[in-house]
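Please keep the sequence and the 3D view open as you read.

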Amino acid sequence: MAEMVNVAVDAMGGDNAPVEVVKGAVDAVNADRRVKVFLTGRESVIKAELQKYTYNAEQMEIVHAEEVIETGEPPVMAIRRKKDSSIVKAMQLVKDGTCDALVSAGSTGAVLVGGQVIVGRIKGVERPPLAPVIPNMKGVSLLLDCGANVDARPSQLLQFAKMGSVYMESVIGVKNPRVGLVNIGVEEEKGNALTKETYPLLQNCPEINFIGNVEARDIPYGAADVLVCEAFVGNVVLKMLEGVSGALVERIKGGMMSTVRSKIGALLVKPALKKTLKGFSTEEYGGAPLLGLNGLVVKTHGSSKANEIKNSILQCIAFKEQKINQKIKEKVVLDN
């Protein structure tokens, strides 16, 4: 029998908590018997939500936490002062080994700080990057970093490339993933001081399949499987992609409903269009893992609905079964 994967879920984090978070947790345990969810938050509120659903009670547990860290709170102070918050309680479950992973749609700052301060970095990892999977024309790419380290050094970007390669190959199933350095041109001499110093480090690293610089316009076409950058650039790329994709969907919907003829055409193409758009939906791929910690921490969008919460929980199964942390220690830390 497969080993159970225990996932702590911050039931009070996010714009749609606890309703969508609890529903996503129920959907996850109903989808896979290998996962057990520990919902952290106000017990009475969580119980009221769970009563709406049918699920295997052995796969669900509530861990009471009275406090909630709000999005606007200073993350370092909040983590220190709110020891009985749903995020901190979930982090502690990972730290003490009760859970293998954590999923939260709550305060990004609190998740990043808590991940490093409470769960802790793998010894030898300089900075843990936040690494979302983003859809493209060929499949998906891993973008790291997109929010954790806005002032990264070249040696840290090298570690990002190694960790991203491990994750893409072991969790996503991309063999020998292509690593690209996000830059303003494909030529080796292009970029700022950071990218110019990073390029030769990636080029001379035998553990990765480095293909050179990648321009932002080529990212949606699948130019690389692992996209390496510091968090300022990564966050701009991520938010632009999300904004453009959302705007295009709205424009397409508006065009299809503009005339009687377009409405008839919309009925004909709706099944194929729905399938295509689903492939470009970020919620289908779960949240962004914070790589390089002693346990898995996954940050989902603050506006996450049940489907993204479910997929974020289920991605934790592959992370544990593929022994990602052990591979990071072997290929990222020991090789340095």
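This is a predicted model: local features need pLDDT of at least 70, side-chain atom pairs count only at pLDDT 80 or more; totals for chains, interfaces and linings use all residues.

The side chain of Arg-178 meets that of Asp-225 in a salt bridge, with 3.1 Å from N to O. Where do these two residues sit in the chain? Arg-178 belongs to strand β7 (residues 178–182), while Asp-225 lies in the loop between β8 and β9 (226–228), so the pair ties together parts that are 47 residues apart in sequence. Asp-225 has a relative accessibility of 10% and therefore counts as buried, since the cut-off for that label is under 20%.

Is Glu-3 buried or exposed? With a relative accessible area of 57%, Glu-3 is exposed, whereas Lys-320 is partly exposed at 22%. Asp-100 comes into the picture as well: salt bridges that share partners join Glu-3, Asp-100 and Lys-320 into one network.

Another salt bridge joins the side chains of Arg-34 and Asp-32, with 2.6 Å from N to O. Arg-34 is partly exposed, its relative accessible area being 29%. Asp-32, for its part, is buried, with a value of 14%.

From charges we can turn to rings. How many aromatic pairs does a search of the whole structure find? The search finds two. In one of them, the ring centres of Tyr-167 and Phe-319 are 6.4 Å apart and the planes make an angle of 50 degrees, so the pair is tilted. This pair links distant parts of the chain, as Tyr-167 is in helix α6 (residues 154–172) and Phe-319 is in helix α10 (residues 306–321), 152 residues apart. Both Tyr-167 and Phe-319 are buried.

The other pair brings together Tyr-199 and Phe-210, whose ring centres are 5.1 Å apart; their planes stand at 80 degrees, so this pair is edge-to-face. Here Tyr-199 comes from helix α7 (residues 193–203) and Phe-210 from strand β8 (residues 209–214), eleven residues apart. Tyr-199 counts as buried at 10% relative accessibility, and Phe-210 is buried too, with a relative accessible area of 16%.

Helix α1 (residues 19–31) has 13 residues, which at 1.5 Å a residue should span 18 Å; the C-alpha atoms at its ends are 18 Å apart, in agreement. Its buried residues are Glu-20, Val-21, Val-22, Gly-24, Ala-25, Val-26, Ala-28 and Val-29. What do the buried residues of α1 pack against? Their partners are β1 (5–10), β2 (35–41), α2 (43–50), β3 (60–64) and α10.

Helix α4 (residues 86–95) is mostly covered, with seven of its ten residues buried. These buried residues are Ser-86, Ile-87, Val-88, Ala-90, Met-91, Leu-93 and Val-94. After α4 comes Gly-97, which has a positive phi, near 90 degrees.

Now step back to the chain as a whole. It holds eleven helices and eleven strands. The radius of gyration is 20 Å, close to the 20 Å that the globule rule gives for 336 residues, so the chain is as compact as a globular protein of that length. Along the principal axes, the C-alpha trace spans about 65 × 60 × 45 Å. Of the 336 residues, 49% are buried. Among contacts between residues at least 6 apart in sequence, 70% join residues at least 24 apart. As for the surface, the chain exposes about 15800 Å², and carbon and sulfur atoms supply 54% of that area.

Technical notes. Residues are numbered from 1 along each chain as its sequence is written. Side-chain values use heavy atoms; hydrogens and water are left out. Rings of Phe, Tyr and Trp (its six-membered ring) pair if their centres lie within 6.5 Å; planes under 30 degrees apart count as stacked, over 60 as edge-to-face and the rest as tilted. Helices (H or I, at least four residues) and strands (E, at least two) are DSSP runs, numbered from the N terminus. Buried means under 20% relative accessible area, exposed over 50%, partly exposed in between (1.4 Å probe, protein chains only). The expected span of a helix is 1.5 Å times one less than its number of residues. Contact means heavy atoms within 4.5 Å. A salt bridge is a side-chain nitrogen of Lys or Arg within 4 Å of a carboxyl oxygen of Asp or Glu. The radius of gyration is taken over C-alpha atoms; the globule rule is 2.2 Å times the number of residues to the power 0.38. Accessible areas come from the Shrake-Rupley method with a 1.4 Å probe; for residues, only the protein chains shown count as cover.
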